[in-house]
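Subject: Structure for your files

Hello,

Here is the structure I said I would pass on.

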Amino acid sequence: MRLKLYRGKWAVVGINAHGKTYRRSLGTADRAEAERKFRDVRIETPGDTVADAVALYMKEKQGRARSYEAMEASWKALRPLFGHLRPDQIDRALCRRYAAGRRTAGRSDGTVIKDLGFLRTALKWANKPGAQWELPSAPPPRDRALSRAEYARLLEACELPHIRLFVVLALHTGGRASALLELTWDQIDFDRGRVALSKGEDRRKGRATVPMTAPAREALETAYKERTSDFVIEWAGRPLKSIKRAFRAACAAARLSGVTPHVLRHTCAVWQAEAGVPMSQIAQYLGHTNSRITEAVYARYSPEFLRAGARALE
């Protein structure tokens, strides 16, 4: 093995057992730092590195994981610092260094948690032990919920029918964007008045079967008459992979700030809590497996929250 400068960064270059040359970036343009890393890394085979383990994991998940694009984005950010290392060389100091770099680049702690969580999962899948992890504390839940007037403005700003349908369903089912964009007509039961956000044995996170509200029924019946594919939310006869760009445009037209598709799911739960719906029912509506999670986030919106304590002080 030897050091070689490649595209402005030092790399370890060697020949594997099959006689093929491999190269692993050390992520630095400084020769002294590269030499220190080279002494420590000592890659014996290409399969020893974090990059190789992640490559196998990504190959396994390609075409199967719905979050594959997010995984690619995380790995693109992680690779310069972690890719050339062995898994056992990952320590808490390195995790803190990564977090600091991402914050400097303007990324949130939530993004850092997502990135490092992906890497930890990939190495666990590849059966590569030895890493020591330190993730930032989870950020507080976002508190943005729409008022009824804001929701009306947003609906009015939805010029395209598929965006309007998404907004209606997101609020009235509490479904995540991914579940709604994958929704097909066989999951819509007009006779029983139900929307099944999961299909068959699929019981993924946040995918409940919920009652069909009157506004949701009206929107779905209109869309069903005009359908050109099996997907409930479609554009030009095809399903959508993402709704973010069109949703941002609608929010801008409605003069709403800080609103993402997930805010509609949050609003669904907040309005229910404000109406005094029990936390256990809200949890089932959102597809939460543990109602304590629901209570921790939404109990404070209930009209009776801490009321007994306040009465005790009167």
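The model is predicted, so local features need pLDDT of at least 70 and side-chain atom pairs count only at pLDDT 80 or more, while totals for chains, interfaces and linings use all residues. Residues are numbered from 1 along each chain as its sequence is written, and side-chain values use heavy atoms, with hydrogens and water left out.

Helix α13 covers residues 291–298; helices (H or I, at least four residues) and strands (E, at least two) are DSSP runs numbered from the N terminus. T294, V297 and Y298 are buried in α13, where buried means under 20% relative accessible area, exposed over 50%, and partly exposed in between (1.4 Å probe, protein chains only). These residues span an arc of only 75° around the axis, which puts them on the same side of α13; the arc is that of the directions from the helix axis to the C-beta atoms. An α-helix has 3.6 residues a turn, so residues three or four places apart point the same way. R292 and A296 are exposed on the other side of α13. The cover over the buried residues of α13 includes α11 (261–274) and α12 (279–286). At the start of α13, the backbone nitrogen of R292 has a side-chain oxygen of N290 within 2.9 Å.

Next, the strands. An open sheet is formed by three strands in the order β4-β5-β6, with antiparallel pairing. β4 (188–189) and β6 (209–211) are at the edges with a single partner strand each, so one side of each has no neighbour in the sheet. Two strands count as paired if DSSP finds at least two bridges between them; β4 and β5 (residues 194–196) are joined by two, in the antiparallel sense. In that pairing, I188 is opposite V195 of β5.

P87 sits in the loop between α3 (68–82) and α4 (92–104). P87 counts as buried because its relative accessibility is 5%. Leaving aside neighbours within four places in sequence, its contacts (heavy atoms within 4.5 Å) include D48, T49, V50 and L123, and also K128, P129, G130 and A131. A51 is 36 residues from P87 in sequence, with 9.4 Å between the C-alpha atoms.

Finally, H172 belongs to helix α7 (residues 161–173). H172 counts as buried because its relative accessibility is 16%. Not counting residues up to four places away in sequence, H172 touches Y151, T213, P215, A216 and Y285.

Regards

Key
A polar contact is a pair of N or O atoms within 3.5 Å; within protein, one must be able to donate a hydrogen and the other to accept it, and residues adjacent in sequence count only if both atoms are side-chain atoms.
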